[in-house]
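This briefing is meant to be read beside the sequence and the coordinates. It opens with a question, turns to the overall picture, and then takes the details topic by topic.

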Amino acid sequence: MTRPLGTTTTKNTIDVAGKKLFTVRGYEGFTMRVLARESGVSLSSIYHFYADKDALLKSLYEQTNRHLGEQRTAQTAPATASQMLLERILFQFEHAEDVVFVLKYYLHFRDTFPKRHDGYLPPKAALHIEEVLAYGVKTGEYQLDEEAIASESKMVAHAINGFLLEYYPDKLEGAELASLCANIHDFVTRAVKAKGVAAK
């Protein structure tokens with residue numbers, strides 16, 4: 001059943017199905033025709049909202065980045081950097097589809113982003129971890145040189161994202177999710193508490 005053209009609901013249906021399709025199948029597996037079939041929205045209706053799949057994906061990337069930022073900002077600040085780190089790891093897994101979408105978009109379209117010398121992460125992708133490490137240094141929980149925080153946060157973000165990409169589209173829940181997040185947290189904590197960690 002196709003949905004009526006021109007409604008906010010129709011665009012939302014396209015966006016939700018488009019994000020899921022791209023996240024699961026990647027760029028090559030994403031076509032407007034497949035999106036029409038998966039969403040139940042006619043092809044002509046999809047083209048009413050988006051000129052082509054690149055325009056649709058760019059819009060979704062911007063929406064998704066904004067949404068993740070808003071959700072992170074809404075989190076209450078925990079008393080310790082250790083608790084903040086655990087909550088940020090859990091956040092990534094609870095928002096796995098959004099995070100994986102952003103990563104896959106960046107990996108496909110990275111030539112359209114400013115050239116980076118420090119690895120393949122979207123701009124600001126490690127900022128949520130950088131905030132944790134900076135707070136941990138300030139409270140004395142972590143032993144890091146100030147200049148090492150940016151590079152170490154990228155390594156931590158890469159580690160978390162690797163697990164996300166490994167598990168997605170399976171959704172971890174309950175004890176399994178808690179155990180994985182605790183293991184990642186313990187590993188990162190041992191690294192950043194070690195003496196002599198220096199800037200690369």
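Over the ring of which residue does the charged end of Lys53 sit? In this predicted model, the ring in question is that of Tyr27, and the charged end of Lys53 lies 3.8 Å from its centre.

**Overall fold**

- The chain contains nine helices and zero strands, so that its pattern, followed along the sequence, reads α-α-α-α-α-α-α-α-α.
- Of the 200 residues in the chain, 42% are buried, while the chain as a whole exposes about 11000 Å², of which carbon and sulfur atoms supply 54%.
- When contacts between residues at least 6 apart in sequence are considered, 68% of them join residues at least 24 apart.

**Helix 2 and its surroundings**

- Helix 2 covers residues 32-39, and its buried residues are Met32, Val34, Leu35, Ala36 and Ser39.
- These buried residues pack against helix 1 (8-25), helix 3 (43-49) and helix 4 (53-73).
- Just after helix 2 comes Gly40, which adopts a positive phi of about 80°.

**Aromatic residues**

- The model holds six aromatic pairs; in one of them, Phe101 and Tyr105 have ring centres 6.4 Å apart and planes at 20°, and the pair is therefore stacked.
- Phe101 and Tyr105 are both found in helix 6 (residues 96-109), where a spacing of four residues places them about one turn of the helix apart, and both residues are buried.

**Salt bridges**

- Five salt bridges are counted in the model, and three of them are described here, beginning with the one between Asp15 and Lys11, whose closest N and O atoms are 3.0 Å apart.
- Asp15 and Lys11 both belong to helix 1, four residues apart, or about one turn of the helix; with a relative accessible area of 8%, Asp15 is buried, whereas Lys11, at 27%, is partly exposed.
- A salt bridge also joins Asp98 to Lys19, with the closest N and O atoms 2.8 Å apart, and this pair links distant parts of the chain, since Asp98 lies in helix 6 and Lys19 in helix 1, 79 residues apart.
- Arg25 forms a salt bridge with Glu38, the closest N and O atoms being separated by 3.8 Å; because Arg25 lies in helix 1 and Glu38 in helix 2, the pair ties together parts that are 13 residues apart in sequence.
- Arg25 is partly exposed, with a relative accessible area of 41%, and Glu38, at 45% relative accessibility, likewise counts as partly exposed.

**Nonpolar core**

- The largest nonpolar core comprises 54 residues, and those with the most contacts inside it are Leu35, Leu56, Leu57 and Phe93.
- At least two residues of this core come from each of helix 1, helix 2, helix 4, helix 5 (81-94), helix 6, helix 7 (127-139), helix 8 (149-167) and helix 9 (174-193), and helix 6 gives the most to this core, with nine residues.

**Cys181**

- Cys181 is found in helix 9, where it counts as buried because its relative accessible area is 2%, and the cut-off for buried is under 20%.
- With residues up to four places away in sequence not counted, Cys181 touches Leu86, Ile89, Leu90 and Phe93, and Phe93 is one of the residues with the most contacts inside the largest nonpolar core.
- The C-alpha atom of Cys181 is separated by 9.9 Å from that of Phe163, a residue 18 residues apart from Cys181 along the chain.

Note on methods: Residues are numbered from 1 along each chain as its sequence is written. This is a predicted model: local features need pLDDT of at least 70, side-chain atom pairs count only at pLDDT 80 or more; totals for chains, interfaces and linings use all residues. Side-chain values use heavy atoms; hydrogens and water are left out. Buried means under 20% relative accessible area, exposed over 50%, partly exposed in between (1.4 Å probe, protein chains only). Contact means heavy atoms within 4.5 Å. Accessible areas come from the Shrake-Rupley method with a 1.4 Å probe; for residues, only the protein chains shown count as cover. Rings of Phe, Tyr and Trp (its six-membered ring) pair if their centres lie within 6.5 Å; planes under 30 degrees apart count as stacked, over 60 as edge-to-face and the rest as tilted. A charge sits over a ring if NZ of Lys or CZ of Arg is within 6 Å of the ring centre and within 35 degrees of the ring normal. A salt bridge is a side-chain nitrogen of Lys or Arg within 4 Å of a carboxyl oxygen of Asp or Glu. A nonpolar core is a set of buried Ala, Val, Leu, Ile, Met, Phe, Trp, Tyr and Cys residues joined through side-chain atoms within 4.5 Å.
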